[in-house]
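Hi,

Here is the structure I promised to pass on to you. My notes on it follow below.

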Amino acid sequence: MSEIPYKIYLSEDEMPTSWYNLRADMKNKPAPLLNPGTGQPMTAQELEGVFCAELVRQELDNDTPLFHIPQEIRDFYKMYRPSPLVRAYCLEKKLDTPAKIYYKFEGNNTSGSHKLNSAIAQAYYAKKQGLKGVTTETGAGQWGTALSMACSYLGLDCKVFMVKCSYEQKPFRREVMRVYGSSVTPSPSETTQVGKKILAEFPGTTGSLGCAISEAVEAAVSNEGYRYVLGSVLNQVLLHQSVIGLESKIAMDKYGVKPDIIIGCAGGGSNLGGLIAPFMGQKLRGEADYRIIAVEPESCPSFTRGKYAYDFCDTGMVCPLAKMYTLGSSFIPSADHAGGLRFHGMSSILSQLYADGYMEARSVPQTGVFEAAELFARAEGTLPAPESSHAIRAAIDEALKCKETGEEKTILFGLTGTGYFDLVAYEKFHNGEMTNNVPTDEDIAKSLARLPEVNG
Ligand SMILES: *Cc1c(COP(=O)(O)O)cnc(C)c1O
């Protein structure tokens, strides 16, 4: 076997031509979205009032294993894909570990994260349907930026509701979105009914993803020719993000490498669901085994302290109900710096896989995450996003275990993005002002007490 290079690049011809739908290989399918009014599964027709028709088809399809990637999307992908799979030789050396560490780097585009993989797909189907534009929410700003790039490329209007604490912490993110022609409103805002209601109930709130989603959905259904798009959680988003795992697997197979442990940070679950997709597929079909670890912040621990139940995806309780590990839709996490991980719920696909024992989850404290981020930056050069650094933390911890036991495990983790817009967070860390905010059991019990009645 030839020596493994620092970066394994694929050629454009080696890029996947289809997305892989993990649900096709799941025996226990993820639970369907429910209509909050009737408690019945949402029909395609109901969903099409909010989402684009083709995306609804993808959302509801639990059986088709492969979805062809349209040529126009593949052409856009070629501007920044295939993304490199990096062998972290320098980090291994620094840790003095026998473990072999690989990471798939998705920060190689202006939006700085993996979110562009789904943004271009969603914008493409909106355009094809003849819509004027789309509305969305953004937490840390990566999704809003990615969607802005995709919409400007295709000539679609884009209205972004940005969680207020990020809007204030990251003014430069907002300006990038405006470079691409989007309008950006801090959420909660007075521009929607639901925003006004939330402001009245929680005066001075710095917002949450759940709030911003409610506002964006309202803006979509009350504007002719608009639909709502979402950057994580939904089945369709995991489908598009499977390109991450498919590329990783092609690159590893080229060198005969098989990961023992696959690690990803988990906010709504899209990068993790995408990274693990082909590997989990093998695991589900009984062809191979992998340890799979989801890493979440202690401040927003959906998998590790949440409940597997039907819940609203948004604070305003206007969206369909999804069955997922949730902290309750009224849970508003502390204003931690990994904005992309501040969602109260989790993908239904990953929730079902976790409930069935196909993967593990752990939560990590904020300061530990930044220690890992800095160690990584100094060894590997790349400045990681705080979200991605959750995966780095777990990868380092696993590599250090290998050092103790002498095991030469192969670890693959997702490096979802870069941290250039997170320097206020790094500054707090350097100044010793960073805290570890952990919700109390009472905090969580209080929001879980408000789960919808369909749970019986
Ligand atoms: C949004 C985001 C995440 C978390 O979202 P998932 O849907 O869980 O992948 C992680 N990392 C980065 C850089 C992000 O922008």
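This is a predicted model: local features need pLDDT of at least 70, side-chain atom pairs count only at pLDDT 80 or more; totals for chains, interfaces and linings use all residues.

Residues are numbered from 1 along each chain as its sequence is written, and side-chain values use heavy atoms, with hydrogens and water left out.

Let me start with the backbone. Most residues other than glycine have a negative phi, and most peptide bonds are trans. Pro-82 sits in the loop between α3 (71-77) and β4 (85-87), and its bond with Arg-81 is cis, with omega about -10°. Another cis bond links Ser-187 to Pro-188, with omega about 5°; Pro-188 belongs to the loop between β8 (183-187) and α9 (193-201). Asp-96, although not a glycine, has a positive phi of about 55°, and this residue lies in the loop between α4 (89-95) and β5 (100-105).

Next, the ligand. There are 17 residues around it (a heavy atom within 4 Å), and Lys-115, Ser-232, Gly-267, Ser-270 and Thr-416 come nearest. A polar side-chain atom of Ser-232 is 2.5 Å from a ligand oxygen, a backbone N or O atom of Gly-269 is 2.8 Å from one, and a side-chain N or O atom of Gln-142 is 3.4 Å from one.

Finally, a helix pair. Helix α15 (residues 366-380) packs against helix α17 (residues 423-430) at about 105°, with the axes 11 Å apart; axes are lines fitted to C-alpha atoms over the stretch in contact, and angles run from 0 to 180 degrees between N-to-C directions. The two are therefore roughly perpendicular (65 to 115 degrees). In α15, Thr-367, Phe-370, Glu-371, Ala-373 and Glu-374 contact (heavy atoms within 4.5 Å) Ala-425, Tyr-426, Phe-429 and His-430 of α17.

Best wishes

Notes. Helices (H or I, at least four residues) and strands (E, at least two) are DSSP runs, numbered from the N terminus. Angles under 35 degrees count as roughly parallel, over 145 as roughly antiparallel, 65 to 115 as roughly perpendicular and the rest as oblique. A polar contact is a pair of N or O atoms within 3.5 Å; within protein, one must be able to donate a hydrogen and the other to accept it, and residues adjacent in sequence count only if both atoms are side-chain atoms.
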